[in-house]
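My entries follow in the order of looking.

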Amino acid sequence: MTGAGVPILMYHAVAADPNAATRTLSVTPEAFAEQMALLADRGLTPLTTAELAARWRSGRPLPGRPVLITFDDGYEGVHRHALPALAEHGFPATLFVTTGWVRGAYDTGGGLDTMLDWRQVRGLADSGVEIGGHSHTHPQLDQLDDARLRAELIRCRDIVAGELGSPPVSFAYPYGYSSRRVRTAVRGHGFAQALAVGNSLAHRAQGPYALRRVTVRRSTDAEEFERLVDGRAIGRTFARDRALTKGYAVVRRTRRLRQLV
């Protein structure tokens, strides 16, 4: 792995037959198991999001080859398929739940595929998976007014705290979108660190509220996965993604300015 960067892997659904809405950002159970085996074989040391941020914040050294395994949204396959592969190697991970998509009392019906229920979320937590926040209804947070932004963060935080007995300390921005205003609100509502996307390695200099991740998807083969965890050719791998992100950022800024007029 090159330099001091840390690969933070971003997963979504782990499913053999995902629906059309989640297929591109899903991985098969077999691919996920192979990827976890590769991490073990190459001697990487998974950390939770909270542990990475705490070490960087305190100046404590990281293990020789750190990596983070993160999941967004809360798809049922994280419990059914990912957890056994994680457990096989004793790997911790972080799951960022969209609380209004988890099946149960707070379900808004917005989940894109079969989602976890709260019993399964508790089971993941009991197995060493850090549970973080990912908003309540998965909006583009930087497009919300202040009242709706607060509501999304508070609702998510309080539901996780009520279900698990302690509030989440890590957050992931839906779609990876944030702004200074959003980051300030996330910090102000008790989250100690937050992840974006960015498709590059995470560095301490990014700050605890803008740590970058790399996307693992259905098209990620073994060779590409090795490059991601080694920090090689990431810019070339995600060149198209970055161009689209820059273009859409202009659109979203314009949309937000119009809302403020």
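**Entry 1. Terms and ground rules.** I count a contact when heavy atoms lie within 4.5 Å. This is a predicted model, so I note that local features need pLDDT of at least 70, side-chain atom pairs count only at pLDDT 80 or more, and totals for chains, interfaces and linings use all residues. Residues are numbered from 1 along each chain as its sequence is written, and side-chain values use heavy atoms, with hydrogens and water left out.

**Entry 2. Arg183.** I started with Arg183, which is found in helix H6. Helices (H or I, at least four residues) and strands (E, at least two) are DSSP runs, numbered from the N terminus. Which residues does Arg183 contact, leaving aside its neighbours within four places in sequence? I found Tyr173, Ser178, Tyr209 and Ala210. I also looked up Pro208, which is 25 residues from Arg183 in sequence and 9.8 Å from Arg183 in space, C-alpha to C-alpha. For exposure I use these classes: buried is under 20% relative accessible area, exposed is over 50%, and partly exposed is in between (1.4 Å probe, protein chains only). Arg183 has a relative accessible area of 28% and is partly exposed.

**Entry 3. Ala185.** I stayed in helix H6 (residues 180-188), where Ala185 is also found. Ala185 has 15% relative accessibility, so I count this residue as buried. Not counting residues up to four places away in sequence, Ala185 touches Leu149 and Leu153.

**Entry 4. Whole chain.** I counted nine helices and 10 strands in the protein chain. The radius of gyration is 17 Å, close to the 18 Å that the globule rule gives for 261 residues, so the chain is as compact as a globular protein of that length. For the record, the radius is taken over C-alpha atoms, and the rule is 2.2 Å times the number of residues to the power 0.38. Along the principal axes, the C-alpha atoms fill a box of roughly 55 × 40 × 40 Å. Buried residues make up 50% of the 261 residues. Of the contacts with a separation of 6 or more, 65% come from residues 24 or more positions apart.

**Entry 5. Helix H4.** Which residues of H4 (residues 118-126) are buried? I noted Trp118, Gln120, Val121 and Leu124. They cover an arc of only 155° around the axis, which puts them on the same side of H4. The arc is that of the directions from the helix axis to the C-beta atoms. As a reminder, an α-helix has 3.6 residues a turn, so residues three or four places apart point the same way. What do the buried residues of H4 pack against? I listed helix H3 (77-89), strand E6 (93-97), strand E7 (129-133) and helix H5 (146-164). The face of H4 turned away from its buried side carries Arg119 and Asp126, which are exposed.

**Entry 6. Positive phi.** His138 has a phi of about 65° and lies in the loop between E7 and H5. His138 is buried, with a relative accessible area of 9%. Asn199 has a phi near 50° and lies in the loop between strand E9 (193-198) and strand E10 (211-215). At 7% relative accessibility, Asn199 is buried.

Entry 7. Where is Val229? I found Val229 in helix H7 (residues 222-230), buried at a relative accessible area of 0%. The C-alpha atoms of Val229 and Pro7 are 222 residues apart along the chain and separated by 5.7 Å. Ala54 has its place in helix H2 (residues 49-58) and is partly exposed, with a relative accessible area of 29%. The C-alpha atoms of Ala54 and Gln193 are separated by 9.0 Å, and the two residues are 139 residues apart along the chain.
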